[in-house]
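Morning, everyone. I'll walk you through one protein model today. Please bring up the sequence and the structure.

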Amino acid sequence: MAAFDAEYEETESTLAERTYLRLRDDIITTAIPPGTLLREAELMKRLDAGRTPVREAIQRLQHDGFVFVSARRGTFVSTIDIHDLTAIYEARARIESWATRLAAERLREFERIEAQQLIEELKQTTGPMALEDILALDRRVHRFIYKVAKNPYLSDTLDHYHNLSLRILYVAMKRYPTLVPRLEDVLREQVLMLEAVCSGDADRAEKIAMDHVMIFEVEVRKVM
């Protein structure tokens with residue numbers, strides 16, 4: 001009986017995690033736009049999940065800042081304004097650049113080989129690419145940096161801020177198509193950052209990471 005209970009709990013946990021990730025990704029990519037009223041029955045059908053996993057997902061997303069609950073009006077996808085943009089990018093730029101510095105200082109030889117392989121893959125990448133693919137490529141590089149920084153608490157924080165900034169990216173670029181980054185610009189910045197990490201140049205790696213994060217905030221402010 002205990003073994004059955006453990007298996008049941010694991011299955012429920014997996015389902016809850018999958019439901020949370022799917023709903024979070026739909027919100028980040030604006031498949032569910034800011035301000036949308038989230039109806040439980042509709043989410044259960046959309047996510048092919050039961051009431052409990054959906055409720056747990058909403059609770060986690062509320063904690064993450066993607067959802068807010070009004071006692072009288074219901075549960076909504078949180079909206080975004082210029083103050084969110086400034087606050088999120090201000091925080092992310094500093095912890096992201098610090099993590100990149102740590103990565104340059106803590107990189108081990110087998111990780112250097114992995115980084116060099118990633119650099120070669122980036123250099124061989126050609127366009128055109130869809131926005132989703134460009135952002136997925138960018139996310140892959142950032143997550144490598146988080147891993148190499150070797151601080152799990154920092155990594156969790158970075159991943160959270162990256163998710164928040166990704167939603168701002170999707171919202172802003174759908175509203176202002178001129179903000180969609182050119183593939184060659186993304187690739188150049190990522191290659192330079194990884195090369196600095198590989199060489200152990202912590203100062204340069206930190207500066208490149210800071211500039212890479214902040215440039216988008218500057219560009220959004222220009223159009224808004």
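Helices here are DSSP runs of H or I with at least four residues, strands are DSSP runs of E with at least two, and both are numbered from the N terminus. On that count, the protein has nine helices and two strands. Along the sequence the pattern reads α-α-α-β-β-α-α-α-α-α-α.

Now the ground rules. This is a predicted model, so to speak of a local feature I need pLDDT of at least 70, side-chain atom pairs count only at pLDDT 80 or more, and totals for chains, interfaces and linings use all residues. Residues are numbered from 1 along each chain as its sequence is written, and side-chain values use heavy atoms, with hydrogens and water left out.

Confidence next. pLDDT is the predictor's confidence in each residue, on a scale from 0 to 100. The protein has a mean pLDDT of 88, with 93% of its residues at 70 or more. Where is confidence lowest, and where is it highest? The lowest mean, 71, belongs to helix α1, residues 2-28. The highest, 96, belongs to strand β2, residues 74-77. Look at residues 1-10: the pLDDT there is below 50. Beyond near neighbours in sequence, that stretch has zero contacts in the model, where contact means heavy atoms within 4.5 Å. Where pLDDT is low, the predicted coordinates should not be read in detail.

Overall dimensions. Taken along the principal axes, the C-alpha atoms fill a box of roughly 50 × 50 × 30 Å. The protein has 224 residues, and 43% of them are buried. Buried means under 20% relative accessible area, exposed means over 50%, and partly exposed lies in between, using a 1.4 Å probe and protein chains only. Of the contacts with a separation of 6 or more, 78% join residues 24 or more positions apart.

On to helix packing. Two packed helices are described by the angle between their axes and the distance between the axes. Axes are lines fitted to C-alpha atoms, for helices over the stretch in contact, and angles run from 0 to 180 degrees between N-to-C directions. Under 35 degrees counts as roughly parallel, over 145 as roughly antiparallel, 65 to 115 as roughly perpendicular, and the rest as oblique.

Take α4, residues 82-106, and α6, residues 131-149. Their axes come within 8 Å and cross at roughly 60°. That makes α4 oblique to α6. On the α4 side, the contact is made by R92, E96, A99, T100, L102, A103 and R106. On the α6 side, H142, I145, Y146, V148 and A149 take part. By class, that gives seven nonpolar, two polar and three charged residues. For the classes, Ala, Val, Leu, Ile, Met, Phe, Trp, Tyr, Cys and Pro are nonpolar, Asp, Glu, Lys and Arg are charged, and the others, Gly among them, are polar.

Next, α4 with α8, residues 183-199. These axes come within 6 Å and cross at roughly 40°. So this pair is oblique too. T100, A103 and A104 of α4 meet M193, A196 and V197 of α8. The contact has five nonpolar residues, one polar and no charged.

How do α6 and α8 pack? At about 10°, with their axes 10 Å apart. They are therefore roughly parallel to each other. From α6 come I134, L137, D138, V141, H142, F144 and I145. From α8 come L183, V186, L187, Q190, M193, L194 and V197. The classes here are 11 nonpolar, two polar and one charged.

Now some single residues. H212 lies in helix α9, residues 202-223. Is H212 buried or exposed? Buried, at 13% relative accessibility. Not counting residues up to four places away in sequence, H212 touches D138, H142, E189 and Q190. Its C-alpha is 9.7 Å from that of E96, 116 residues apart along the chain.

D64 sits in helix α3. D64 is buried as well, at 14%. The C-alpha atoms of D64 and N163 are 9.4 Å apart, across 99 residues of chain.

Last, two backbone points. D48 has phi near 50°, a positive value in a residue other than glycine. D48 is in the loop between α2 and α3, and is exposed at 67%. K150 has a positive phi too, near 60°. K150 lies in the loop between α6 and α7, and is partly exposed at 32%.
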